[in-house]
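Visitor: I would like a short tour of this structure. Please keep it brisk and give the cut-offs as we go.

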Amino acid sequence: MKSVALHNLGCKVNSYEMDVMQQRLQDRGYKIVPFDAAADIYIINTCTVTNIADRKSRQMIHRARRCNPDAVVVAVGCYVQTAAGEALEDGTVDIAVGNNRKKDIVSIIEEYLKTREQPRVEKIDINNTREYEEMQLTRTAEHTRAYIKIQDGCNQFCSYCIIPYARGRVRSRAEEDILQEVRGIVVAGYREIVLTGIHISSYGLDRGGLELLQLIRKLHEIDGLKRIRLGSLEPRIVTEQFARQLSALPGLCPHFHLSLQSGSDAVLGRMNRHYTAGEYFQTTEILRNCFRDPAITTDVIVGFPGETEEEFRETEAFVRKVNFYEMHIFKYSRRQGTRAAMMEGQLTEAEKGRRSAVLAQAEEEMSRSYRAGWLNRETGVLFEEKKQVAGGTYWIGHTPQYVKVAMEAGENADLSGQIVRGTPVGFLTEDILLLK
């Protein structure tokens with residue numbers, strides 16, 4: 001029995017695909033071992049969203065080779081898709097597998113092992129395919145929540161982003177395949193799913209119309225599925241009608257991640273984001289009118305080329321106006337192959353760091369305020385794991401709004417996968433509420 005070590009870089013889509021690859025290897029009889037262990041085969045699921053991600057991908061590839069110089073090293077995913085020649089140039093990689101070929105990982109490896117010819121490249125023209133790479137997941141590393149991939153590709157072409165070139169155009173998964181996978185996941189004991197993809201708001205676009213709401217409604221009818229959580233949404237998809245219909249579904253978690261990137265209209269224009277700050281704000285108001293205290297989270301890029309101090313201050317004021325629950329703050333990373341990489345006005349790392357720190361302080365204040373707003377209010381918590389926190393043993397879980405909550409563990413109680421109603425009465429730690 002050959003041993004395989006796997007390492008994943010990047011987004012939740014990558015994580016889903018890695019889970020499926022691991023599942024298929026195990027079903028074939030391969031033994032999964034930790035990445036730092038000696039293994040016969042190493043698989044690195046790469047990322048290319050920034051130049052830093054490229055570098056991390058290369059570092060993990062070389063780390064695998066150092067762990068066992070005689071092993072088969074397999075690089076898969078976005079970095080391979082955009083830079084296969086670069087990945088192979090120093091002879092570290094034995095097999096390079098691009099996107100839309102991950103489903104074939106077992107057969108690709110076994111074919112290579114017959115002759116060990118070097119190197120082997122398995123890559124399609126991702127920008128000229130309409131095929132969705134079908135995968136089926138039956139288990140994940142998490143015990144109560146499963147990420148479900150519903151689409152791939154993106155048609156947005158933001159000026160800073162390489163992903164449309166790594167993932168191709170929008171390709172939507174067949175609705176019945178999604179429903180079948182989720183039914184199986186629920187039977188396996190999972191109580192919550194998170195719909196993920198490269199641009200889930202475009203689900204169905206390649207078939208002639210947007211179908212996300214229709215899919216959510218059908219998923220909501222599956223017996224035993226308690227919660228549906230949405231991945232990142234395009235702000236423009238959130239109309240009054242869309243939000244009202246979502247709010248009629250009790251199992252839909254009122255937790256919405258709407259990528260902002262900037263609160264300055266001028267910067268949004270240079271980014272090729274297809275909305276204004278005012279339109280984005282209207283979206284958040286719609287959600288707050290349709291849901292009681294929804295959790296609204298976002299991504300923000302600081303230090304985009306040409307971002308003036310005034311434009312940055314517009315972003316700082318805007319995020320405070322929206323009053324986000326959480327923000328993912330990124331310092332702009334110059335990505336070769338994108339329009340933004342050639343723009344004038346590239347900022348220094350020091351200045352990007354200063355601006356990032358300003359928004360991080362705002363995020364900390366807003367996040368604590370939002371969590372505090374749930375004190376002394378009854379809510380439901382889906383518990384996931386028991387762990388040591390703040391000197392005690394607690395069950396840890398999340399509310400529908402994805403607020404982390406802890407409850408002291410009893411001697412015999414097993415709450416994993418259980419939804420418990422209770423009232424948070426205080427903070428156990430800076431980011432965990434204590435349930436009584």
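Visitor: Which residues does N68 touch, not counting residues up to four places away in sequence?
Guide: This is a predicted model, in which local features need pLDDT of at least 70, side-chain atom pairs count only at pLDDT 80 or more, and totals for chains, interfaces and linings use all residues. Residues are numbered from 1 along each chain as its sequence is written, and side-chain values use heavy atoms, with hydrogens and water left out. Contact means heavy atoms within 4.5 Å. By that rule N68 touches A39 and Y42.

Visitor: How far apart are the C-alpha atoms of N68 and A39?
Guide: N68 sits in the loop between α2 (51–67) and β4 (72–77). Helices (H or I, at least four residues) and strands (E, at least two) are DSSP runs, numbered from the N terminus. Along the chain, N68 and A39 are 29 residues apart. Their C-alpha atoms are separated by 6.9 Å.

Visitor: Is N68 buried or exposed?
Guide: Buried means under 20% relative accessible area, exposed over 50%, and partly exposed in between, with a 1.4 Å probe and protein chains only. The relative accessible area of N68 is 18%. So N68 is buried.

Visitor: Is F35 buried or exposed?
Guide: F35 lies in the loop between β2 (31–33) and β3 (41–46). Leaving out residues up to four places away in sequence, F35 touches A5, L6, H7, Y42, I43, I44, M60, R63, A64 and C67. Its relative accessibility is 9%, so F35 counts as buried.

Visitor: And how far is F35 from F330, C-alpha to C-alpha?
Guide: The two residues are 295 places apart along the chain. The C-alpha separation of F35 and F330 is 28 Å.

Visitor: How many disulfides are there?
Guide: A disulfide is a covalent bond between the sulfur atoms of two cysteines. Here it is taken as a pair of cysteine sulfur atoms within 2.5 Å. By this rule the count is zero.

Visitor: Which cysteine has the sulfur nearest to that of C161?
Guide: C161 is in no disulfide. With a relative accessible area of 19%, C161 is buried. The nearest cysteine sulfur is 6.1 Å away and belongs to C158.

Visitor: Which residues have the most contacts inside the largest nonpolar core?
Guide: A nonpolar core is a set of buried Ala, Val, Leu, Ile, Met, Phe, Trp, Tyr and Cys residues joined through side-chain atoms within 4.5 Å. The largest has 54 residues. Helix α10 gives the most to this core, with six residues. The residues with the most contacts inside the core are L195 and L219.

Visitor: What is L195 in contact with, leaving aside its neighbours within four places in sequence?
Guide: Another core, of 23 residues, lies apart from the largest one, and L9, A53, A75 and Y79 are among its members. L195 itself is in contact with I148, I150, I200, L212, L215, I216, L219, I228, R229, L230 and G231.

Visitor: Where does D293 lie?
Guide: Most residues other than glycine have a negative phi. D293 is not a glycine, yet its phi is positive, at about 50 degrees. D293 is partly exposed, with a relative accessible area of 36%. Its place is the loop between α10 (277–290) and β12 (295–302).

Visitor: Is A390 buried or exposed?
Guide: A390 also has a positive phi, near 50 degrees. It lies in the loop between β14 and β15 (392–398). Its relative accessible area is 55%, so A390 is exposed.

Visitor: Which residues does E309 touch, not counting residues up to four places away in sequence?
Guide: E309 is found in helix α11. At 32% relative accessible area, E309 is partly exposed. V74 is 235 residues away in sequence and 45 Å away in space, C-alpha to C-alpha. The residues that E309 touches are E351, R354 and R355.

Visitor: How do the lining residues of the second largest pocket divide into nonpolar, polar and charged?
Guide: The lining has 20 residues, with P254, W374, T379, P400 and Q401 nearest the pocket centre. β14 (379–389) and β17 (419–422) each supply at least two of the lining residues. Ala, Val, Leu, Ile, Met, Phe, Trp, Tyr, Cys and Pro count as nonpolar, Asp, Glu, Lys and Arg as charged, and the others, Gly among them, as polar. The lining divides into nine nonpolar, five polar and six charged.

Visitor: What is the volume of the second largest pocket?
Guide: On a 1 Å grid over the protein atoms alone, a pocket is an open set of points where a 1.4 Å probe fits, with protein on both sides within 12 Å along at least five of seven lines; lining residues have an atom within 4 Å of a point. Grid points are joined across faces, edges and corners, and a volume is the space filled by probe spheres set on the points. For the second largest pocket, the volume is about 380 Å³.
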